[in-house]
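The exercises below are meant for a reader who is opening this structure for the first time. Please work through each task with the model in view before reading its solution.

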Amino acid sequence: MNQFTLKNGIRLLLLVTLFLGTTIITSLGATMNPASAQDIKPTIVLVHGAFAESSSWNGVLSQLIPKGYPTVAVANPLRGVQSDADYVASVLKGIEGAIVLVGHSYGGAVITNAVNDNSNVKALVYVAGFAPDTGETAAELSGRYPGGTLGPTLAPPVELPDGGKDLYIQQDKFHAQFAADVPASEAQLMASTQRPVTEAALNEASGAPAWKSIPSWFIYGDRDLNIPAAAQAFMANRTNSKETVAVSGASHVVMVSHPDAVTEIIEHAAIAQ
């Protein structure tokens with residue numbers, strides 16, 4: 001064998017070895033990829049309610065984000081159940097992959113109507129939220145059981161150009177009514193930044209509910225003065241809630257005062273998918 005042939009043989013051997021090594025690595029990667037795919041987390045979409053804003057989810061977001069959950073805290077318009085639901089639905093359309101849809105208070109009515117056959121929505125989480133059936137309104141549901149005291153705490157309505165009315169909670173009554181278990185200084189910030197809901201929105205009949213076809217989870221405070229605990233227990237039972245948590249001593253803004261508990265139930269819903 002001459003020197004030229006020997007060199008060619010060595011080169012061929014090196015190429016074969018390199019090829020086999022690459023094939024093994026590629027095969028291992030292909031074997032491992034399915035396990036990695038299982039780690040993909042659903043997007044958590046959070047919808048605030050009346051007299052609140054997206055920052056009301058900050059305590060929950062600060063726990064979900066470090067755990068790798070994609071998150072969106074939607075700015076709920078608070079103008080009307082169907083129009084707000086349509087807006088949220090438009091946000092959902094832009095999200096790829098599984099979605100866990102979370103609604104607080106009036107935001108619960110919105111998520112109930114926002115799915116619109118979006119197959120990506122895998123779970124609904126009601127955080128002190130309304131879960132109306134067809135034809136029901138937030139105002140009627142909150143008044144169906146004793147214990148709600150929102151009415152007397154509302155400020156005089158703000159007249160709108162279209163003839164509608166915007167509703168606010170009086171700032172000096174906000175802490176006791178809305179956020180009794182939140183420090184007074186924080187409750188004052190919430191009172192000052194509260195966003196109004198229209199009177200019409202609280203009295204608008206709900207459409208066909210998504211909870212009849214999508215599994216739901218519930219968490220609420222047993223000292224909620226906006227939506228009585230009895231009303232929330234009724235709605236949770238009616239939806240065949242997968243898990244229902246009543247937080248002892250918690251107010252209407254349970255996600256602010258007990259973000260750990262709210263994050264935990266959202267994760268339970270996410271893991272179930």
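Leu 124 is found in strand β4, where strands (E, at least two residues) and helices (H or I, at least four) are DSSP runs numbered from the N terminus. This is a predicted model, in which local features need pLDDT of at least 70 and side-chain atom pairs count only at pLDDT 80 or more, while totals for chains, interfaces and linings use all residues. Residues are numbered from 1 along each chain as its sequence is written, and side-chain values use heavy atoms, with hydrogens and water left out.

**Exercise 1.** Decide whether Leu 124 is buried or exposed, and list what Leu 124 touches.

Solution. Start with the relative accessible area, which is 0% for Leu 124, so this residue is buried; buried means under 20%, exposed over 50%, and partly exposed in between, with a 1.4 Å probe and protein chains only. Next come the contacts, which are heavy atoms within 4.5 Å. Leaving out residues up to four places away in sequence, Leu 124 touches Leu 101, Ile 111, Val 115, Ala 210, Trp 211, Ile 214, Pro 215, Ser 216 and Trp 217. For Trp 217, the separation from Leu 124 is 93 residues in sequence, but 6.3 Å in space from C-alpha to C-alpha. Across the protein, 73% of the contacts between residues at least 6 apart in sequence join residues at least 24 apart.

**Exercise 2.** Find which residues touch the most other members of the largest nonpolar core.

Solution. A nonpolar core is a set of buried Ala, Val, Leu, Ile, Met, Phe, Trp, Tyr and Cys residues joined through side-chain atoms within 4.5 Å. The largest one has 74 residues, among which Leu 101 and Leu 124 touch the most other members. Strand β4 supplies the largest share of this core, with seven residues. Leu 101 stands opposite Leu 124 in β4, and the contacts of Leu 101, apart from neighbours within four places in sequence, include Val 45, Val 47, Val 88 and Leu 92.

**Exercise 3.** Work out the order of the six strands in the parallel sheet, and say which strands lie at the edges.

Solution. Two strands pair if DSSP finds at least two bridges between them. By that rule six strands form an open sheet in the order β2-β1-β3-β4-β8-β9, with parallel pairing. The edge strands are β2 (71–74) and β9 (243–247), each of which pairs on one side only, and the twist averages 15 degrees from one strand to the next. Further in, β1 and β3 run parallel and are joined by five bridges, with Leu 46 having Val 102 in β3 as its bridge partner. Strand β3 (residues 99–105) pairs with β4 over seven bridges in the parallel sense, and His 104 has Val 127 in β4 as its bridge partner. Because seven of the seven residues of β3 are buried, this strand is largely enclosed by the rest of the structure.

Note on methods:
Axes fitted to C-alpha atoms, helices over the stretch in contact; angles between N-to-C directions.
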